[in-house]
Amino acid sequence: MLNINKSFKIINYSFLIKNVIRNYSSNKSTPTIVITKPKENIKNINQTKETKIKIKNNNDNSTENGLVVKKFNNSHIMERDPQDRSLSLKQYFEKLADRGDVDRMLEVAKRMPERRTAYAYEKLIFACSKATKFNQSWKIYNDMKKDNIKPSIHIFGNLVDVCNRSTSIDSNKIQERVNKIIEEIDKYQVPVSINFFNILMKTMITIGKNDQAITMIDKMKDSGIRPDITSYTTWIKAISEKYIADNHLNKKELIKQLNKPNKNTSEMDELRAEGNKQIDYYMTLVKKVKMAQISPDRYFINTILNACKQTKNPSGVFQVWDTLKEMRFTQHLNPDTKTYDILISTCNNIDDFDKSLEIFDEIYSKNIRPDIHLVNNMFRTCLRIACCRKISKKENLDEEKIINRIIDYMSAYTLQPNEESFSVLISTYSKLKNYVKVYELLLEMKELNISPNIKHYSGIISSFSKDTEKCLEILRICISQKIVFTPDFISNVQKIIGRHKGDAEEFSKLLREHDSYAIEKKN
């Protein structure tokens, strides 16, 4: 079972406030009581009330002294989360920016004495980038200009980052916005920074302008800016994306071609030669970075490995990894979760199960902390083993034993499965014809409040392909939930119809019902 109990520690914060300080005058006849609050709370609260309190001094019956007590309307502080109530307005404003809570920041800004500053606008636009508020970020920028505040390169960097993160916006609109930002930089004569160039390069990759991204390195140098490791990492990613686009590489088609039962040897040699040529080019880029005396990091290494994985010879990634481990330039960088994720997914693509299991053992022995993406790729290895029809490749491999060890590995780090985990496992146990396990996984999904999607139903319907009634019931459930079928799911249904022609009319009726709402959803 995958159900892993997680324990959460609730931290209670207590705060000690010193309320009373007694100071005595030189004649010690008049006591003065000063009620103190944290500086920021007194400074930032607008509404106050003053009350005169008469205090009679026992040492001097003829005199009375006044004490001023201030009562504050702090309802806006009580509206915050408990852990945020001790923060000053500025600290709270910054925390909201990190969360991307633009609307609440605008409310808090009304209480800040100096709310119309470059700093405040910078934080607001930064929050827009976190929340991908494409239109609102430009409105805030225009408000800043109305306040006659000159923008800084940090503000322009945040505006470009909004463009980079706004993946749902049309690429032409993104390009138009980027052009406007560059015009504004020229207008205000703002010196550009390395960080701005790096974000701009990422944005060009996001909208598919890989050629423009690749030229950024030279533009940096022409501007007198020395590229850093982030620049070179992004540059390599742009080159990889351009290679994929220029070669019209389709990952699924390439995997099918690499794993054909009857491979054309000359065709495979040609593919490998083309892939190796690109891999060699990536290694020359590594040498360029070395010559520029730029220290590499793990992200740079993982980007190189991922680029090699995307070539026509994915297996070349292992040779590159061995080379990087031996180079003095990179040998000090230990592999991390992402590194192993790339290596295992490559094994899955080329059906190298022995290499996968070898990497599994290395992960276990080094106690690498996993994330769910790595674990799901480990589960996919088991699915690939189950799907492989070549007996020679499945020899001495026990899929269920491998799965149980992966689950133990997850348990050691209290890592919970997600929708994808169940999808892969349901498909795996369906291939193994272990229908009891499929049913158990469905029950466990219910316990974890995970609703099955089309991927799960694809694995389930494959499990019951010989049982017409159950297949029809699965179809009815999907249609009742108005789930849109994938091409793979429809293909499986058509295969079932071919085997059970007596129920073809009922299957066809359900598929027509699906098509009617699927078209509506698409429109």
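Predicted model: local features only at pLDDT ≥ 70, side-chain atom pairs only at ≥ 80, totals over all residues.
Residues are numbered from 1 along each chain as its sequence is written, and side-chain values use heavy atoms, with hydrogens and water left out.

Back to Thr-132: its place is the loop between helix H5 (118–130) and helix H6 (134–146) (helices are DSSP runs of H or I with at least four residues, strands are runs of E with at least two, and numbering starts from the N terminus). Its phi is near 50°, which is positive even though the residue is not a glycine. Most residues other than glycine have a negative phi. Asn-449 also has a positive phi, near 55°, without being a glycine. You'll find Asn-449 in the loop between helix H23 (435–447) and helix H24 (454–463). With a relative accessible area of 71%, Asn-449 counts as exposed.

## The chain as a whole

DSSP gives the chain 27 helices and four strands. There are 523 residues, and 42% of them count as buried. Take the contacts between residues at least 6 apart in sequence: 68% of those join residues at least 24 apart (contact means heavy atoms within 4.5 Å).

## Aromatic pairs

Eight aromatic pairs turn up in the structure. In one of them, Phe-196 and Phe-197 have ring centres 6.5 Å apart and planes at 70°, so this pair is edge-to-face. Here rings of Phe, Tyr and Trp (its six-membered ring) pair if their centres lie within 6.5 Å, and planes under 30 degrees apart count as stacked, over 60 as edge-to-face and the rest as tilted. Phe-196 and Phe-197 are both buried.

Tyr-281 and Tyr-282 make a tilted pair, with 6.4 Å between centres and 40° between planes. Tyr-281 is partly exposed at 37% relative accessibility, whereas Tyr-282 is buried at 0%. Elsewhere, Trp-138, Tyr-141 and Phe-156 are joined into a cluster by ring pairs.

## Lysines over rings

The charged end of Lys-90 sits over the ring of Tyr-119, 5.3 Å from the ring centre. Lys-123 has its charged end over the ring of Phe-126, and here the distance to the centre is 5.5 Å. The test is that NZ of Lys or CZ of Arg is within 6 Å of the ring centre and within 35 degrees of the ring normal.

## H14 against H15

Helix H14 (residues 265–291) packs on helix H15 (residues 298–309) at an angle of about 165°, and the axes are 9 Å apart. The axes are lines fitted to C-alpha atoms, for helices over the stretch in contact, and angles run from 0 to 180 degrees between N-to-C directions.

The H14 and H15 crossing is right-handed. On the H14 side the contact is made by Ile-279, Tyr-282, Val-286 and Val-289, and on the H15 side by Phe-300, Ile-304, Ala-307 and Cys-308. Handedness is right-handed if the near helix is turned clockwise from the far one by less than a right angle, and left-handed if anticlockwise.

## Three buried residues

Gly-157 is part of helix H7 (residues 153–165) and is buried, at 4% relative accessible area. Leaving out residues up to four places away in sequence, Gly-157 touches Phe-196 and Ile-199. Gly-157 and Glu-122 are 35 residues apart in sequence, with 9.6 Å between their C-alpha atoms.

Gly-100 is in the loop between helix H3 (89–99) and helix H4 (102–109), and at 12% relative accessibility it counts as buried. Beyond four places in sequence, Gly-100 touches Ala-127, Lys-130 and Ala-131. Gly-100 and Lys-130 are 30 residues apart in sequence but 4.9 Å apart in space, C-alpha to C-alpha. Asn-210, in helix H10 (residues 210–214), is buried at 10% relative accessibility. Setting aside neighbours within four places in sequence, Asn-210 is in contact with Met-204, Ile-205, Ala-238, Glu-241 and Lys-242.

Note on methods: Buried < 20%, exposed > 50% of the residue type's maximum accessible area, 1.4 Å probe, protein only.
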